[in-house]
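User: I would like to learn how to read helices in a protein model. Could you take me through it step by step?

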Amino acid sequence: YLHELRTYMLSVLLLTIVLWAYSRLLQHDKPGRFLQAGFVLSIGGLLYTHYSIALALGVVGLYHLLFVQKNHRWWRITGLMALGGALFLPWIGVILEAFRRFGAANTLTHDPGLAISELLARTSLFFSNGALGLLALVGILALWSLRVYRRKSLAVWFWTLTTLVVVVVVNERTALIKFGRERYLLVLWPLLALLGGLGLASLGKTRLKLAAPLLLGLWLIIGIHANVDGTLMRDTDSVQTLPWDTLAATLAQQAQAGDVVALHDTTYNWVLDLRPAEYYLYGLPVRFTMLEALPGDTLTAAAQEFVGNAPQVWVGIDKRLPTTSRLTDFTAALAGQYAACGPVFDLPRLRLDLYRRFPASAFQPEAADWHFGAGIAITNVDITPPKNGQPLKVQLVWAVSADVPPYTYSVGLHLLDDTGQLVQQADYGLPSEAFACRQTAIPTADLPPGDYQLRVMVYNWSTGERLTGRVTTTGETGERLLLETVTTSD
């Protein structure tokens, strides 16, 4: 969390100061002004920075009420606690309204929170930087500290276990803590650190005095390695960011003026991805939105209004969680005007799909010129002749009926010379969508200048069987149909 511009490390620091100052105030009859001021300001600051970590304040207050002798020190600390809490009074109205909205919306309870065993496991994993064996050893020492530092150790064990109970109860009520949201368990970290410190201090009172600094050094080395390696950090959603740089670079190279970009962010807090998306896409000739930001339960009208007459629609699909109906509603709204051109890239967390706008004739398979078998047709052809050794670019729009079995056929594009010999080819799988475009680049750098026939066929990739095709305008039939004669030049 040191890598994030959020309050988590500050909150942990403030809680640490509160616990340290509280301990010092219990020991001194006449504490200094700076100590008292630090205690008050840290309580107020903790309340303002993070509510879940501030839960520990209630535990300290409970301990203060139940176990501390009621003398002048007790009253002084009680007054300082009240003063620290008073610093939060200007914000009371805001937090009450936030809790009211939270309860009304019930936004976090649609998925269950972590079970108690999972809370313990995840806390242990992250607090120890993955060194569970070292944590177990320090935990045994913390139990042993009950004999060496009985009073102090009992207090810290009470704080830790009571805070854990509070966290469990709150999570059962709100389902706030899920996998990837372990940051709300940071309230336990200063307490666990205190327990470990007491255990190591107990070890330092034995003949194994050097073992304590050695264990601390080992813990430090493991923590630095975990931070540099990043494997442990990638186990939390706080660093599971989408590849915005790849998205921006792709759009910068391939997007056209007037294109639109729609991102389907499947996480509940998709609003958090708005700012980085706006930052990375700034200056590109595209309009951008989150599908979750479009109004309405069904997106047909909103999607069509947003897309307008854009030449291309880029759809980014967040793969962190299963897709929702908003994505299917959005792509359904493109039907009849846009054909799916397949994924531009497919990364572990984000897939970028491209849809291109075509004339209405491209969505009328009965009027197509090229047909194969039953239910396969080419409804639009766009061929860019090669120049100066550049590839031959072929874009075809395919119409595939629902009766055609998916993942069965492939497309072959063959380039033949004037003797009918195959000199170059490109193959790809037949699209499974009802209407889909595919663009292919056929290398021509090694071909001599001249005229070449570009032919297309559809075949069963597992058996090699070719479908019989026909060209309605010329009456040609056969396994390889002529698309166009192209000319290469120097």
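This is a predicted model: local features need pLDDT of at least 70, side-chain atom pairs count only at pLDDT 80 or more; totals for chains, interfaces and linings use all residues.

User: How is the packing of two helices described?

Analyst: In general, two packed helices are described by the angle between their axes and by the distance between those axes. In this model, helix H2, which covers residues 33-49, packs with helix H4, residues 72-86, at an angle of about 40°, and their axes are 8 Å apart. H2 and H4 are therefore oblique to each other, and H2 passes H4 in a right-handed crossing.

User: Which residues of H2 and H4 meet?

Analyst: From H2 come Gln36, Phe39, Val40, Ile43, Gly44 and Leu47, and they meet Arg76, Ile77, Leu80, Met81, Leu83, Gly84 and Gly85 of H4. Sorted by class, this contact of H2 with H4 has 8 nonpolar, 4 polar and 1 charged residues.

User: Why do residues three or four places apart in an α-helix point the same way?

Analyst: An α-helix has 3.6 residues a turn, so residues three or four places apart point the same way. A case to look at is helix H12, residues 274-281, in which Leu274, Ala277 and Leu281 are buried. These residues cover an arc of only 65° around the axis, which puts them on the same side of H12. The face of H12 turned away from that buried side carries Arg275 and Tyr279, which are exposed.

User: What do the buried residues of H12 pack against, and what is found just after the helix?

Analyst: The buried residues of H12 pack against helix H11 (244-254) and strand E2 (286-290). Just after H12 comes glycine 283, which takes a positive phi of about 90°.

User: Which residues are buried in helix H14, and what covers them?

Analyst: In H14, which runs over residues 325-333, the buried residues are Arg326, Leu327, Phe330 and Ala333. Seen down the axis of H14, they fall within an arc of 130°, so they line one face of the helix. What covers them includes strand E1 (259-264), helix H13 (300-307) and strand E3 (312-318).

User: Is threonine 331 buried or partly exposed, and how far is it from tyrosine 355?

Analyst: Threonine 331, which is found in helix H14, has a relative accessible area of 24% and is partly exposed, because buried means under 20% and exposed means over 50%. Between threonine 331 and tyrosine 355 there is a separation of 24 residues in sequence, while in space they are 9.1 Å apart, C-alpha to C-alpha.

Definitions and conventions
Residues are numbered from 1 along each chain as its sequence is written. Side-chain values use heavy atoms; hydrogens and water are left out. Axes are lines fitted to C-alpha atoms, for helices over the stretch in contact, and angles run from 0 to 180 degrees between N-to-C directions. Helices (H or I, at least four residues) and strands (E, at least two) are DSSP runs, numbered from the N terminus. Angles under 35 degrees count as roughly parallel, over 145 as roughly antiparallel, 65 to 115 as roughly perpendicular and the rest as oblique. A crossing is left-handed if the near helix is turned anticlockwise from the far one by less than a right angle, and right-handed if clockwise. Contact means heavy atoms within 4.5 Å. Ala, Val, Leu, Ile, Met, Phe, Trp, Tyr, Cys and Pro count as nonpolar, Asp, Glu, Lys and Arg as charged, and the others, Gly among them, as polar. Buried means under 20% relative accessible area, exposed over 50%, partly exposed in between (1.4 Å probe, protein chains only). The arc is that of the directions from the helix axis to the C-beta atoms.
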